[in-house]
Amino acid sequence: MGHRVDVLSHSNLWLNNSDYLYPNRSSIRWGVLKNTFNLLKTLPQLRGYDVVQLVNPYFLELKPELLQYVFQYLKKNNKKIFLGGFEYDFYWIYMCLNKNALRYNDFYANGTFRDTIDNKMAIINWMHGFRGKLNRIIANNCNGIITSLYESYLAYQPYFSGKTKYIPFPIESLPHPQIPFKK
């Protein structure tokens, strides 16, 4: 359609993309310094965009306290910022912890809390840690919130009804061949 799209990514294998602005993470020993330097070097390239979409509130592998400043920089130097509400963030976990919100979710099944290490860590990080605070800051200050799963839409809608949109993933289904059956 003629749009130019740049991807800022730490290339986490799931979103593996060779066309990114932010280099891969390096070794643990030099990783923090090198990543910080690379990000500071990259920031001037992240100016003047019409639209910036953050894949989630924890959009780069930095401490959430530092991501707050990156978000402020992006907000100041670009026209519009959109947050991707794609589960595993403050609002989605908050909704899941309400036993009556969804019949089944990652935290509750049949009204019973799923007591796993992952669930406990998610609650600590997103409900009580700075990740959750960062999520609330970004959600309150972005121009719109895009959700692709209906559960995520339900999580954001009560708080941001004017700027939350449900845009499902486009799925092209191939026609299934008719399998003959015997009567």
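This is a predicted model: local features need pLDDT of at least 70, side-chain atom pairs count only at pLDDT 80 or more; totals for chains, interfaces and linings use all residues.

I checked its length: H2 covers residues 64-77, which is 14 residues, and at 1.5 Å a residue it should span 20 Å.

Next I asked which residues of H2 are buried. My list for H2 reads Pro64, Leu67, Gln68, Val70, Phe71, Tyr73, Leu74 and Asn77. I jotted the helix rule beside that list: with 3.6 residues a turn, residues three or four places apart in an α-helix point the same way.

Then the sheet. I traced four strands in the order E1-E2-E5-E6, and the sheet is open with parallel pairing. E1 (51-54) and E6 (164-166) are the edge strands; each has a single partner strand, so one side of each has no neighbour in the sheet. From one strand to the next, the twist averages 25°.

I zoomed in on the E1 pairing. E1 and E2 (residues 80-85) run parallel and are joined by four bridges. For Val51, I found Lys80 as the bridge partner in E2.

Last stop, Ser148. It sits in the loop between strand E5 (144-147) and helix H6 (150-156). Is Ser148 buried or exposed? Its relative accessibility is 5%, so I put Ser148 down as buried, the cut-off being under 20%. Leaving out residues up to four places away in sequence, I noted that Ser148 touches Gly85, Phe86, Tyr166, Ile167, Pro168 and Phe169.

Key: Residues are numbered from 1 along each chain as its sequence is written. Side-chain values use heavy atoms; hydrogens and water are left out. Two strands pair if DSSP finds at least two bridges between them. Helices (H or I, at least four residues) and strands (E, at least two) are DSSP runs, numbered from the N terminus. Axes are lines fitted to C-alpha atoms, for helices over the stretch in contact, and angles run from 0 to 180 degrees between N-to-C directions. The expected span of a helix is 1.5 Å times one less than its number of residues. Buried means under 20% relative accessible area, exposed over 50%, partly exposed in between (1.4 Å probe, protein chains only). Contact means heavy atoms within 4.5 Å.
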